[in-house]
Amino acid sequence: MSVRNPIPEADRAGMRASRSCADAPPNGPRAGEAASDGVAAPSRRRLLLGGSGLTALLVSGCGFRLRGPQALDFATVHINTPPETELGAQLRRLIATSGTTTVTEDAEQAEARLQILGNNRGREILSLTGAGKVREYQLTQTLRFQLLDKAGKPLIPPTSLSARREYTFDDSQVLGKEQEENLLYRDMQADLVQQMMRRLAAARRAG
């Protein structure tokens with residue numbers, strides 16, 4: 001049978017004293033450090049908030065605006081690309097968000113006619129490995145269009161927009177690389193369509 005040794009009263013007093021010292025606020029240099037940390041934390045927060053406010057002022061001052069729907073100068077437009085195609089659907093969706101223009105399938109009734117003259121994709125070898133295998137491809141896409149008014153006069157003459165992307169190729173991952181290529185083509189087309197929408201928004205009818 002084990003017997004617990006009683007702790008002398010003097011040792012108990014010493015333990016109480018040590019706990020009291022540990023719980024007491026720091027004195028001397030440590031107290032100064034704690035105080036400085038307490039002051040520095042709000043100062044850092046104020047500095048960060050002030051920096052954020054300054055950035056917001058600079059951004060608004062330089063005229064930066066988030067990209068949104070592009071207002072067009074004509075109420076109706078005809079597009080010669082069928083709505084069943086990816087490009088046709090994309091154009092109709094963006095024009096519908098402009099809030100100013102609707103797409104009509106009757107070219108004679110449209111105030112403007114958007115004609116897609118070409119939408120071509122290409123791929124060329126950018127580099128080879130030491131064994132003569134393809135290491136990188138460069139993808140290109142060119143979108144050519146013009147905008148005519150109701151009388152057939154050009155509001156935007158034939159214009160070409162181009163985009164390019166590069167990606168590494170691995171013949172052991174053909175399926176994954178094919179999916180990556182398709183995504184890059186879709187990204188390029190979305191970029192070109194946005195550029196076209198900005199050109200359409202800048203076009204103005206005569207008179």
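Reader: What should I know about the model before I look at any residue?

Author: The model is predicted, and local features need pLDDT of at least 70, side-chain atom pairs count only at pLDDT 80 or more, while totals for chains, interfaces and linings use all residues. Residues are numbered from 1 along each chain as its sequence is written, and side-chain values use heavy atoms, with hydrogens and water left out.

Reader: How many helices and strands are there, and in what pattern do they follow?

Author: Helices (H or I, at least four residues) and strands (E, at least two) are taken as DSSP runs and numbered from the N terminus. By that reading the chain has four helices and five strands, and along the sequence they follow the pattern α-α-β-α-β-β-β-β-α.

Reader: In what order do the strands lie in the sheet?

Author: Two strands are said to pair if DSSP finds at least two bridges between them. Here an open sheet of five strands runs in the order β2-β1-β3-β4-β5, with mixed pairing, and its edge strands are β2 and β5, each of which pairs on one side only. The parallel part includes β1 and β3, which pair over three bridges, and there Val77 stands opposite Ala112 in β3.

Reader: Which strands pair in the antiparallel sense, and over how many bridges?

Author: β3 and β4 pair in the antiparallel sense over 15 bridges, with Ser127 opposite Glu136 in β4; these two strands form a hairpin with five residues between them, and Gly132 in the turn has a positive phi of about 85°. β4 and β5 are also antiparallel, over twelve bridges, with Thr142 opposite Ser162 in β5; their hairpin has four residues between the strands, and Gly152 takes a positive phi near 90°.

Reader: What can be said of Thr102 in strand β2?

Author: Strand β2 covers residues 102-103 and holds Thr102. For accessibility, buried means under 20% relative accessible area, exposed over 50%, and partly exposed in between (1.4 Å probe, protein chains only); Thr102, at 49%, is partly exposed. Contact means heavy atoms within 4.5 Å, and Thr102, leaving aside its neighbours within four places in sequence, is in contact with Ala75, Thr76 and Val77. Thr102 and Phe74 are 28 residues apart in sequence, and their C-alpha atoms are 8.9 Å apart in space.

Reader: Is Arg92 buried or exposed, and what does Arg92 touch?

Author: Arg92 is found in helix α3 and is buried, with a relative accessible area of 13%. Apart from residues up to four places away in sequence, Arg92 touches Ile79, Thr81, Pro82, Pro83, Val103 and Glu105. For the chain as a whole, 26% of the 207 residues count as buried.

Reader: How do I read an aromatic pair, and how many are found?

Author: A pair of aromatic rings is described by the distance of the centres and the angle of the planes. Rings of Phe, Tyr and Trp (its six-membered ring) pair if their centres lie within 6.5 Å, and planes under 30 degrees apart count as stacked, over 60 as edge-to-face and the rest as tilted. A search of the whole structure finds two aromatic pairs; in one of them Tyr137 and Phe169 are edge-to-face, 5.5 Å centre to centre with 80° between the planes. Tyr137 lies in strand β4 and Phe169 in the loop between β5 and α4, so the pair ties together parts that are 32 residues apart in sequence. Tyr137 is buried, with a relative accessible area of 11%, whereas Phe169 counts as partly exposed at 24%. Tyr137, Tyr167 and Phe169 form one aromatic cluster.

Reader: Which charged residue sits over the ring of Tyr137?

Author: A charge sits over a ring if NZ of Lys or CZ of Arg is within 6 Å of the ring centre and within 35 degrees of the ring normal. The charged end of Arg123 sits over the ring of Tyr137, 4.1 Å from its centre.
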